[in-house]
Amino acid sequence: MNYALTLCVCPLIVAACALAFRNLKWVRLIGAVGSLLQVVATAVVAVPVLGGGAQTKFLAAFQMDGIAAWFILINSLVYAGAMTTAALLFQNPEDVHLTERTGRALFGLSSLFLIAANAVMCAADLGALWVAMEASTLVTAPIILLTGTRQSIEAAWKYLILCGVGIAFALLGTMMLMASAQHIGAEASSLSIAWLRNHAASLNSPLLRASFVFFVLGYGTKAGLFPVHNWLPDAHSEAPAPGSVLLSGALLNCGMVALWRIGGIVEVSNSRFLLPGLLAPMGAVTVLAAGLMLVQQRDLKRMFAYSSVENMGLLAVAVGLRSVPIFALHALAHSLAKSSAFSLSGCVAKEFGTVALSKLSGVMRQSPSLGFALLAAGGAVMGAPPFAAFASEWLLLAKAADGRYVWIVIALVAGLAISFVAVLLHLGRVVFGERSERVTGARSQWPVIPAIVLIVATAIAGLAVTPSVLNALERVLRYGGVQ
Amino acid sequence: MTTNQDLIGIATMAALWMLGITRVRSMLWGLAVLGGALGALPLFGGISQGHGGEVLLGVVVITVKAVAVPIFLNWNAARLQMTRDRTVGIGPGAAMLVGATLVVLCYFHGNRFAAVGASAGDAGFSIAIIAIGLTIMMTRRLAVGLIIGFLVLDNGIFVYGFTQTPGMPFIVELGVLFDLFLGVLLAGFVLFRIRRSFEHLDVSEMRELRG
């Protein structure tokens with residue numbers, strides 16, 4: 001048995017306990033402890049790989065390479081943030097519109113989701129990648145409808161159907177890529193990413209291009225790229241806060257990593273122009289469109305969800321320009337910052353009983369720690385210094401300008417500026433506005449702690465970015481296609 | 001080879017027929033025929049070439065796509081008292097005409113999607129089935145119509161896979177089918193929730209969320 005499989009142990013135990021124990025108190029404790037242990041286990045497994053250790057294959061279709069190790073580490077941090085927040089928030093599940101039963105279900109489903117998301121990151125074979133991706137959709141759909149409101153049911157339905165169709169297109173893309181390798185005399189190995197990368201130059205070009213378009217549509221739906229992002233704001237805003245943390249911090253990365261790996265095949269084929277010619281402009285348009293939509297938001301969670309759309313656009317540009325360090329750094333920055341933002345939205349909902357921007361006001365006066373954390377999270381999400389997103393966005397702009405992609409740079413600058421102003425204006429009103437009258441929920445400072453830890457982590461990551469670190473990242477994560 | 005083309009012809013006809021009907025049970029019969037023809041592709045291919053794996057795959061595909069899924073959806077529709085779907089946008093006749101046009105167009109442009117050495121006509125028909133599935137999804141009001149349209153689309157992708165590629169590894173194929181079946185079960189479960197909270201199953205009337 002491979003040691004990478006040990007990463008399934010903690011989530012499986014948490015899931016089993018969530019099913020077995022009737023008492024939410026025990027499940028909360030086990031979920032929090034299990035998720036922290038999972039971070040330790042992931043560090044033990046992934047850090048040696050990132051240090052240049054052997055990249056081991058396991059279960060035939062999976063491999064722990066640099067990219068996989070990096071994103072599994074992100075997944076575990078996000079999972080720990082979500083589970084500890086849930087454990088602290090669900091003291092009294094009715095406060096957050098859940099019951100004992102749905103609270104337990106959240107812990108169980110989140111743990112199963114972590115396994116599916118890790119499988120996506122490790123997949124070395126396009127078939128396994130697809131199966132894991134669909135599995136991640138299936139376990140997250142029930143999370144969205146846990147609160148049981150009409151809105152949440154509609155959001156879950158939309159998510160299931162739109163992502164279902166999206167992923168079906170990705171399956172068509174997989175089949176087409178396989179068909180494009182027919183004349184090489186391929187055996188069953190023609191779904192292996194490494195094999196396809198090695199034979200990329202001799203793939204049938206028209207089929208390769210068609211398959212890439214379907215991949216971008218399919219996995220792009222999952223990642224939430226404009227114009228196939230419609231499910232994302234609904235799902236993120238209707239899920240319970242810890243669910244939103246996982247959706248935004250871990251699920252969206254799955255789609256982006258899939259695109260990164262497929263981009264690794266296209267990069268060395270003779271259809272290379274599709275990366276800067278199709279994916280990067282799509283990302284830039286996503287950033288601009290999300291920025292414009294951020295202006296008119298009326299709901300704190302929807303606002304953060306649109307900011308996720310924007311950040312996925314930035315990641316798509318990084319994938320299109322094939323820059324490993326920027327891609328990895330921005331994914332880390334976004335996942336940590338957005339996880340903290342969504343877990344804080346859970347604290348706001350619990351304390352103020354609403355997340356509507358028009359009703360929220362004066363958070364700072366009522367609860368200073370929550371107010372400060374919310375401001376810091378907003379800054380981290382939007383890429384203010386010293387947070388990691390500042391460095392990655394700056395590097396991305398520099399990279400695009402170096403490549404003379406003028407329109408992409410213009411769209412990125414405009415989109416980033418608009419969204420920065422929009423989010424800070426909305427958040428400023430929420431945090432500093434006149435004290436609101438409708439203070440309902442129970443007050444407690446503890447649930448803010450995981451979010452603050454995540455914010456500090458992204459600040460440290462931002463301060464740690466130096467040219468030598470970027471070079472090291474480049475070296476370790478170089479190959480998108482598994483070698 | 002001729003059996004293959006007969007089967008693909010049956011699958012295309014079934015998809016086209018489903019465009020023109022609105023009775024849920026008839027649509028499920030169409031889905032079963034489509035799934036059966038699809039499963040028969042690897043089944044007959046495996047029998048004539050003596051590949052045990054392909055025969056097994058064909059049996060599994062038929063069990064899931066032609067038997068289990070339609071029976072489950074039929075049970076679901078009966079429980080939720082959905083007997084007749086309505087169309088939105090264009091009527092069934094016009095939709096069928098659109099479908100027929102799609103089939104002709106895709107047939108003549110099939111070589112754009114065909115693998116080297118594979119039949120261009122087969123590729124065209126499979127793309128046509130995918131397009132018909134999308135058309136069904138776009139023109140139905142009831143949630144179950146959307147699921148059926150999605151399944152037609154998915155079957156078209158399988159037809160493409162069976163005719164243009166040597167097939168995915170068996171274990172991956174099983175994973176794909178398993179995921180698909182779970183997805184249908186989950187969608188059926190969500191249908192019950194929709195009925196309970198909205199008191200109707202008309203997805204074009206679901207407007208709680210705004211952009």
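## Chain A: helices and overall form

Chain A is built from 19 helices and two strands, where helices (H or I, at least four residues) and strands (E, at least two) are DSSP runs numbered from the N terminus. This is a predicted model, in which local features need pLDDT of at least 70 and side-chain atom pairs count only at pLDDT 80 or more, while totals for chains, interfaces and linings use all residues. Residues are numbered from 1 along each chain as its sequence is written, with chains lettered from A and ligands numbered from 1 in the order in which they are written.

The C-alpha trace of chain A spans about 70 × 50 × 45 Å along its principal axes. Of the contacts in chain A with a separation of 6 or more, 82% link residues 24 or more positions apart. Here, two residues are in contact if their C-beta atoms, placed from the backbone, lie within 7 Å.

## Buried parts and the core

Buried residues account for 66% of the 483 in chain A. A residue is buried if 20 or more other C-beta atoms lie within 10 Å of its own, exposed if 12 or fewer, and partly exposed in between, with C-beta atoms placed from the backbone. Take helix α3 (residues 66-89) of chain A: 24 of its 24 residues are buried, so α3(A) is largely enclosed by the rest of the structure. This helix reaches 35 Å from its first C-alpha to its last, close to the 34 Å expected, that is, 1.5 Å times one less than its number of residues.

The largest nonpolar core holds 275 residues, and the ones touching the most other members are V120(A), L259(A), V317(A), A377(A) and V152(B). Such a core is a set of buried Ala, Val, Leu, Ile, Met, Phe, Trp, Tyr and Cys residues joined through C-beta atoms within 7 Å. Helix α6 (residues 150-180) of chain A supplies the largest share, 20 residues. Setting aside neighbours within four places in sequence, A377(A) has contacts that include A337(A), L344(A) and I455(A).

Chain B has seven helices and zero strands. Its C-alpha trace covers about 50 × 35 × 30 Å along the principal axes, and 50% of its 211 residues are buried.

The contact between the chains takes 34 residues from chain B and 35 residues from chain A. On the chain B side, α7(B) gives the most, with 13 residues. That side divides into 22 nonpolar, seven polar and five charged residues (Ala, Val, Leu, Ile, Met, Phe, Trp, Tyr, Cys and Pro count as nonpolar, Asp, Glu, Lys and Arg as charged, and the others, Gly among them, as polar).

Most residues other than glycine have a negative phi, and most peptide bonds are trans. The bond from F226(A) to P227(A) is cis, with omega near 5°, and P227(A) sits in the loop between α8 (205-223) and α9 (231-238) of chain A. Another cis bond runs from P385(A) to P386(A), with omega near 5°; P386(A) is in the loop between α15 (368-382) and α16 (388-402) of chain A.

As for phi, R404(A) has a positive value near 60° and is exposed, with 8 other C-beta atoms within 10 Å. Over in chain B, Q81(B) has a positive phi of about 55° and lies in the loop between α3 (52-79) and α4 (92-108) of chain B.
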